[in-house]
Amino acid sequence: MTDLLLTMSGIVKEFPGVRALGGVDLDVRAGEVHCLLGQNGAGKSTLIKVLSGFHQPDEGTITWAGQEVSFTTPAKAIEQGVSTIYQELDLVPHLDVTENVFLGHEVSRAGFTQRARAHEMVRALLARLGHSEISPTRLVGDLSPANQQIVSMARALSHDTRLLVLDEPSAVLDQQEVDNLFRVIRGLTAEGVAVIYISHRLEEIREIGDRITVLKDGRTVGTGLAVADTPTVELIRLMTGRSIEYVFPPRPESPRDQGDPVLEVRGLGLAGVFDGVEFTVHAGEIVGLAGLVGAGRSEIVETLYGGRRATTGTVTVDGKRLRRGSVESAVRAGVGLAPEERKSQGLLLDEAVYRNITMSSMARFSRFGFLDRGEERRRAAELTASLDVRPDGVTRAVRTLSGGNQQKVVLARWLLRQCRVLLLDEPTRGVDVGARSEIYQLVRSLADRGVAVVVVSSEIDEVLGLADRVLVVREGAVVHESAATDLDEAKVLDLVMEGKAVSA
Amino acid sequence: MSQDSVRVEQAALETTREPNKALALLGTSMGRNLGLVIALLLICLVGVITAGDRFATSANALTILGAAATIGVVSIGMTFVIIGGGIDLSVGAIVALSSVWCTTVATQTMAEDTHWVVMVFVALAVGAGCGLVNGLLIAYGRIVPFVMTLAMLASARGLAQIISERKTQIVRDDAFADFFTKEVLGIEVYIWIFFLVAIVGWVLLNRTTFGRRTVAVGGNTEAARLAGIPVKRHTVYLYVLVGVCCGIAALMLVARTTTGSATHGNLYELDAIAAVVIGGTLLTGGRGSIVGTVIGVLIFMTLNNIFILNNRSISEQELLKGAVIVAAVLLQQRLASRNSST
């Protein structure tokens with residue numbers, strides 16, 4: 001139907017001792033959205049880096065617009081029209097939008113930058129992306145993650161881009177922003193730009209993708225699959241090599257004896273962010289917070305944990321009132337948090353697994369300040385075994401684990417602490433499909449052991465599937481509360497968006 | 001994500017790579033220290049060749065250790081602050097202030113009949129006090145450590161000059177100097193104190209909750225805070241710790257020179273940071289080694305010693321010191337990238 005823009009065939013990339021890519025085939029047509037699927041470590045990132053000139057393939061050929069090429073440097077790839085937007089956006093927060101867009105290829109004459117002309121060009125690029133509301137003179141650090149992504153895309157388009165690679169672009173976006181992103185992508189493909197789209201979320205691929213290539217263990221296990229007639233079960237089977245679907249654990253049959261609530265939040269407010277938040281969580285109950293990014297969900301959780309200082313209201317755990325703005329007080333009362341940004345907020349990546357697990361319970365392993373490291377390792381090993389953290393070995397650095405296993409390490413920390421209340425902010429972000437069900441099972445079994453759980457997630461089906469009770473947060477206030485079984489995805493969407501101009 | 005899976009790949013490399021065992025070993029903490037020991041031995045070899053019988057004597061070894069003791073104690077404190085994600089530029093000034101303050105106590109007439117232990121107490125208290133001010137303003141006043149300790153550097157030395165009226169204060173109480181310079185098993189007491197501080201520092205860093213917290217705070221402050229570690233309080237402790245180390249160093253200096261002076265400890269901050277960096281501690285925090293720091297100090301002091309024995313100028317020493325720092329850091333980076341990227 002359309003011309004082949006890119007063909008990669010038999011790509012092999014070896015690092016000493018590891019075959020990261022063992023013969024990958026991929027072909028992309030002009031004007032299509034080609035989705036790249038695979039679990040963490042399947043080789044997606046390496047493949048992209050080969051394509052964008054960061055790595056040189058050991059074997060295999062890249063054919064670009066009919067000619068065999070080798071992208072020896074990232075600059076060469078960009079020159080040819082391949083632009084890559086990585087998940088960690090590579091923008092400079094202290095520079096303005098225009099400066100970021102033209103970073104490295106400034107609009108200048110005789111060494112002097114031509115600011116007015118550059119602003120004009122950026123305005124045109126942003127308009128092309130349908131985001132003319134972003135001012136070229138705004139500092140990038142002041143923009144929302146979604147708008148920063150738009151700036152990255154404007155930068156890509158400032159080169160003559162024919163292929164845009166997006167690495168998990170939706171990870172930082174809420175539903176509405178994802179819709180915006182898709183509109184932008186459709187606009188680009190209509191102009192003939194090809195897009196390689198990487199995502200864990202199958203439902204997104206259903207919506208935006210034309211064809212799919214699936215990688216597993218550095219090999220192509222399926223390529224050129226039409227999105228329209230490849231069933232989800234088949235994709236999961238290809239990715240995992242097993243046929244599983246992620247299922248949510250069953251809720252307990254009969255509502256347990258409720259008794260007094262473990263966690264009680266009364267009139268909690270943070271000036272300018274949210275106000276008058278009230279809810280209670282009983283032992284064994286999972287309460288979900290649904291809402292758009294920026295609606296205040298994460299902020300509510302962080303504030304009740306003491307990570308931010310509440311301006312009004314109280315939080316009590318087992319009847320004991322927590323000190324405002326004190327994480328220590330929350331932890332002492334038995335509250336644990338698995339934060340949204342696991343790597344930057346939750347873990348010491350270069351430290352051993354066991355040290356990350358015992359981090360909040362050091363007092364238990366110390367006598368007069370001296371740590372019993374043997375005991376630490378033994379307890380950590382028990383926990384990692386029971387949570388099935390792979391690969392095992394509690395002395396390896398946490399960095400070497402996949403997202404799902406890192407999340408298990410965070411959960412193990414609070415298990416060890418025997419916490420009464422567990423706050424989970426985006427518990428499955430960056431966790432691949434196979435490990436998700438395990439995390440869900442784990443959260444449910446914690447609840448069954450009497451822990452009061454609060455789950456925040458941008459994925460509505462996750463909140464609905466996992467939680468017993470759901471609170472819908474909109475613009476800094478809880479606007480709805482009901483049992484999860486009384487809601488469905490459409491209803492929640494309706495609630496989170498109500499009053500907003502839904503444009504799609 | 002993209003970055004992460006590459007790291008996973010890299011990690012797999014570390015475990016699977018067979019050849020280059022020596023280089024792999026040099027990447028581990030044990031190996032890094034081994035590398036430093038080898039470097040120190042090579043430097044000693046240079047000493048033997050160039051200065052022969054004057055270098056390779058036990059008396060000369062004690063000279064080197066004596067010179068290393070003061071700066072070594074300061075460097076051990078500095079190691080903790082740097083692992084905890086901070087820096088202390090004021091160590092030299094705190095040494096000066098402690099030395100002046102404690103000798104003032106000893107030289108005042110009213111203090112004629114006070115025991116010299118009072119001097120010890122004053123020096124430690126002054127060091128701890130300066131560290132406390134640093135720590136409180138950094139942790140709770142949110143002043144960047146570099147700026148805060150730069151301010152302390154200026155102020156503490158200024159105060160030392162005011163107290164001493166820019167004069168060198170001589171300690172006439174022999175018992176004080178005698179205690180610190182008395183030989184035990186052929187080694188002077190203040191050198192034993194250096195060994196003791198090093199051992200206590202190692203245990204503190206590697207075997208206690210205090211050390212574990214230091215690594216956590218420096219490695220990822222936000223994660224440490226959200227795990228319930230009292231980050232601010234711990235930061236204060238770290239600066240108090242380095243302050244106490246400065247107090248100890250001041251006592252050693254006063255005992256060896258029998259004087260207190262506002263010029264004591266000049267540029268100690270640079271020597272200490274250099275020794276810490278050479279010893280393999282990351283300036284960005286989160287990882288470091290006491291053994292490395294101790295060897296780093298010994299490397300510098302041995303080099304100094306060789307230069308002096310060969311009648312070379314101070315300027316040449318300084319020149320070489322700079323080169324050693326750059327060479328050591330370049331080598332470490334090489335090893336680190338060999339080990340974790342390839």
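This is a predicted model: local features need pLDDT of at least 70, side-chain atom pairs count only at pLDDT 80 or more; totals for chains, interfaces and linings use all residues.
Local features need pLDDT of at least 70, side-chain atom pairs count only at pLDDT 80 or more, and totals for chains, interfaces and linings use all residues. Residues are numbered from 1 along each chain as its sequence is written, chains are lettered from A and ligands numbered from 1 in the order in which they are written, and side-chain values use heavy atoms, with hydrogens and water left out.

Chain A holds an open sheet of six strands. The strand order is β18-β21-β22-β15-β23-β24, with mixed pairing. Strands are DSSP runs of E with at least two residues, helices are runs of H or I with at least four, and both are numbered from the N terminus. Two strands pair if DSSP finds at least two bridges between them. At the edges of the sheet stand β18 (335-338) and β24 (477-483) of chain A. Each has a single partner strand, so one side of each is left without a neighbour in the sheet. From one strand to the next, the twist averages 20°. Six bridges link β23 (residues 469-474) of chain A to β24(A) in the antiparallel sense. Leu471(A) has Glu481(A) in β24(A) as its bridge partner.

Two helices of chain A pack on this sheet. Helix α9 (residues 297-305) of chain A touches β15 (286-291), β18, β21 (421-425), β22 (452-456) and β23 of chain A. Contact means heavy atoms within 4.5 Å. The direction of α9 of chain A makes about 135° with that of β15(A). Axes are lines fitted to C-alpha atoms, for helices over the stretch in contact, and angles run from 0 to 180 degrees between N-to-C directions. Helix α15 (residues 403-416) of chain A touches β18 and β21 of chain A. Its direction makes about 175° with that of β18(A).

A further open sheet in chain A has four strands in the order β14-β13-β16-β17. Its pairing is antiparallel. The edge strands, β14 (274-281) and β17 (320-321) of chain A, each pair on one side only. Strands β13 (residues 263-270) and β16 (residues 312-317) of chain A run antiparallel and are joined by five bridges. Leu263(A) has Val317(A) in β16(A) as its bridge partner.

Helix α5 (residues 145-158) and helix α6 (residues 175-190) of chain A pack at about 15°, with axes 11 Å apart. They are therefore roughly parallel to each other (under 35 degrees; over 145 is roughly antiparallel, 65 to 115 roughly perpendicular and the rest oblique). The contact involves Ala146(A), Gln149(A), Ile150(A), Met153(A) and Leu157(A) of α5(A). From α6(A) come Glu177(A), Leu181(A), Val184(A) and Leu188(A). Seven of these contact residues are nonpolar, one is polar and one is charged. Here Ala, Val, Leu, Ile, Met, Phe, Trp, Tyr, Cys and Pro count as nonpolar, Asp, Glu, Lys and Arg as charged, and the others, Gly among them, as polar.

In chain B, the axes of helix α10 (residues 209-219) and helix α12 (residues 231-257) come within 10 Å and cross at roughly 110°. The two helices are therefore roughly perpendicular to each other. Phe210(B), Arg213(B), Thr214(B) and Val217(B) of α10(B) meet residues of α12(B), including His234(B), Tyr237(B) and Leu241(B). Helix α9 (residues 189-207) of chain B packs on α10(B) at about 70°, with the axes 5 Å apart. This pair is also roughly perpendicular. Leu204(B), Leu205(B) and Arg207(B) of α9(B) take part, with residues of α10(B) that include Phe210(B) and Val215(B).

Over all chains, the structure holds seven aromatic pairs. Rings of Phe, Tyr and Trp (its six-membered ring) pair if their centres lie within 6.5 Å; planes under 30 degrees apart count as stacked, over 60 as edge-to-face and the rest as tilted. The ring centres of Phe54(A) and Tyr86(A) are 6.1 Å apart and the planes are at 70°, so the pair is edge-to-face. The pair ties together parts that are 32 residues apart in sequence.
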